[in-house]
Amino acid sequence: MTKYAMVVDLNRCQGCRACMEACKVENNTAEGVFWMHVFRFETGEFPDTRQSYLPRPCMHCDNAPCVKVCPVGARYKREDGLVLTDFERCIGCRYCELACPYGVNYFNWRKPADSYFLDWGDTDIQAATGGAIPPYRNPDLDEPQGAERRMTAGGGHHKGVMEKCTFCVHRVEKGMLPACVTTCPVAALRFGDVEDAASPVSKFLREHEHFRLLEETGTEPSVFYVGGNPPGSETRQIETIEVGV
Amino acid sequence: MAVRTTTPGLPYGVGRLTTAWKAFVAIAAAVVALGLYAFLREVTQGMRVTGLRNLGTGGGATWGLYITFVVYFIGVSFAGITIAALIRLFDLRHLRPLARMAEVLTVVALVLGAFAIVVDLGQPVRGVINLFRYARPQSPFFGTFALVLAGYFFASLVYLYLGSRRDAATMAREPTRLQGLHRFVAAGYGDTPAERERHRRASFWLALAILPLLVIAHSTLGFVFGLQIGRPGWYSALQAPGFVVLAGVSGIGLLIVLAAIVRRTCGGEDCLTERVFAWLGRFLLVLLLVYVYFLATELLTGTYAAGEREVDVTRQLLTGDYAWIFWASVALLVLPLGVLAWQALSRRWSIGLLVASGVAVNLAAIGKRYLIAVPSQTHGQLLPYEAGSYAPTWIEYAVVAGLLALGALVIALFMKFIPIIELPDESREEVTADA
Amino acid sequence: MRRWWTWGMVIAGGALMTISYFFLAAPWGEDTVANSDPRLEFAPLLFVIGVIVAFSAAVVYELMPDRTDE
């Protein structure tokens, strides 16, 4: 049985945020929605401060609190480990957002078309650049995914529904890697099947000490961190996002 | 038969539309219209017109004023049906006049609670359909939706209807414009001893069936919050019991206010005696004592030894962003506690003070519900996000005002069709006098 | 007659509630795709109907005329 997991090498991550941008372009998320988010942390007192970066996608937990609380089964867990949201069934109660200890859920507060990152429909730009800009919107985002045939790929489909990182389910279904993993310039992100002992991710995990975030909550996350330390009581964010929504 | 009336015609102002009543209805209808307009804005433009925002990177709270009032309304409904059921189960004769008022309060509050949930959904129409289609019992939301709204609401409606038949039959004897309606509601009630016995038995068993249903329903409402390990300040075994007790406090407070208003319009001491208010006051006092005890326990635990994030949330309540709401709510609970205790001990009850206490504890309940919902979202992140903030917008205030006005409107309309106070039962009193 | 109807409705309502809650709604157990769907769509509506039938028994008990009445 396949079980997907992501491994983040904190020794390599240098905070370029290319993964955040790749995720946004691939999944068409709206303004202020960060399925992949990279924290910039600082510990210590000036002048002995240390900075670090921590990418935070959805953890796709094995014991996911968001799946437990969804009243209509729009948020569900697949056998291959992915936790997905059916945006055609979601009623927008936002209970999953409250249940998640990691803060990875995003609600579409307004018509997403009003706040897309890229001007998908601007014909002038399209003509001037020969179709290169706006970039290609992946039609897979509008297709049902997986054996269960549910509408789970991509974001910004309707107002009033929830969304979060899907480990790029529409890419994984085709045997590709998630957009963030492919784009990272320093290969800090790895993705693969941890049930397969011979896969590169499994080998990497065996060879390196690793931790997961908030393990004490019992969520059994599927994102492993190698190198660095889990954020502690003295860790603080020093580069916050000003969300315009 | 002699029925108490202040003017000729139907008792307790049924069918008589006074100018004051008409003015009240007009104002309430206007507020309802405003609320509806605000809701339509929200549906067409998306929920960004509220002050709600995403947690974590969004720097906001995702459940705010609407959820506060969902919990508040469902809480208020608890007291109504509990009192009505207790009156039947323990045959508390002197409290009979309150029974219908309490039942109406329950039914209206539950409808408002259901509406408050629907206005909080991102996809309201899809929400209502999908809840009936896909609702999962594993989610605490299911318990709130299915048991509370369907079970408890329908049970209370049946209770209200069956209890209204006798009075409807009495009023159907008068040839008024409402006679057709009264005959329909009475549905052939003949007031024979056999019918009264059947009604007594049916009410008894209904009350017995409703009480466990509502304890479960309110507990699942508490579980919606108390089972979330990801939200410091919510994850607590006391959430469910605390919800139940605060529900009782706010419900009885509101019942006191409603009873006082009705008493004003129906003729004072004749229809609702001071003894009834004294009983309500004592019940409120006991529940307040229990709730203040729960509050103290939670505070002590939160400040003495708690997870780091819980301490953070508690600090925000005591001295931080939410301190003014917290201390105001505490004052609005403790002051009425003192006033009620003094009245209970001196055995002199002032209806004015009781009404003030009733209003105060309801404001405190709203504040407390708000404090349960919001600080654990803005300041309760387990990962080091920055603290957030939340302030409701006029849309949220308008929708909530519209809901409150709708409740007042429905009760005001009800009062003019069926007497809000149960008609005294002379025939039963005659029987007991003989026996 | 009335007694039969009353008891019948209570039992039918209770049965409908129990069956739709435990056997027709989304199954309990591990979080899987299958457990996110009800076994029968609109099972929660059946649950609600069961509640309505069970509590309507009280109305039937009070309203239904019966030959045993004087």
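**Close-ups of a predicted two-chain model**

**View 1. A:Asp62 pairs up with A:Lys77 in a salt bridge, with 3.4 Å between the closest N and O atoms.** A salt bridge here is a side-chain nitrogen of Lys or Arg within 4 Å of a carboxyl oxygen of Asp or Glu. This is a predicted model, so local features need pLDDT of at least 70 and side-chain atom pairs count only at pLDDT 80 or more, while totals for chains, interfaces and linings use all residues. Residues are numbered from 1 along each chain as its sequence is written, chains are lettered from A and ligands numbered from 1 in the order written, and side-chain values use heavy atoms, leaving out hydrogens and water. A:Asp62 sits in the loop between S3 and H2 of chain A and A:Lys77 in strand S4 (residues 75-77), so the bridge ties together parts 15 residues apart in sequence. Helices (H or I, at least four residues) and strands (E, at least two) are DSSP runs, numbered from the N terminus. A:Lys77 is buried at 7% relative accessibility, whereas A:Asp62 is partly exposed at 32%; buried means under 20% relative accessible area, exposed over 50%, and partly exposed in between (1.4 Å probe, protein chains only).

View 2. A:His60 is buried, with a relative accessible area of 0%. Leaving aside residues up to four places away in sequence, its contacts (heavy atoms within 4.5 Å) include A:Lys77, A:Val83, A:Cys165 and A:Ser222. A polar atom of the A:His60 side chain lies 2.9 Å from the backbone nitrogen of A:Val83.

**View 3. A:Glu26 and A:Arg171 join side chains in a salt bridge (3.4 Å, N to O).** The partners come from distant parts of the chain, A:Glu26 from helix H1 (residues 18-27) and A:Arg171 from helix H5 (residues 169-172) of chain A, 145 residues apart. A:Glu26 is buried at 14% relative accessible area, and A:Arg171 also counts as buried, at 13%.

**View 4. Chain B meets chain A through 46 residues of chain B and 50 residues of chain A.** Together they bury about 4,000 Å², 56% of it on carbon and sulfur atoms; buried area is the accessible area (1.4 Å probe) that two parts lose on being put together, summed over both. On the chain B side, B:Thr57, B:Leu383 and B:Pro384 lose the most area, together 17% of what that side buries. The interface has 2 salt bridges, including B:Arg126 with A:Glu88 (3.6 Å, N to O).

Notes. A polar contact is a pair of N or O atoms within 3.5 Å; within protein, one must be able to donate a hydrogen and the other to accept it, and residues adjacent in sequence count only if both atoms are side-chain atoms.
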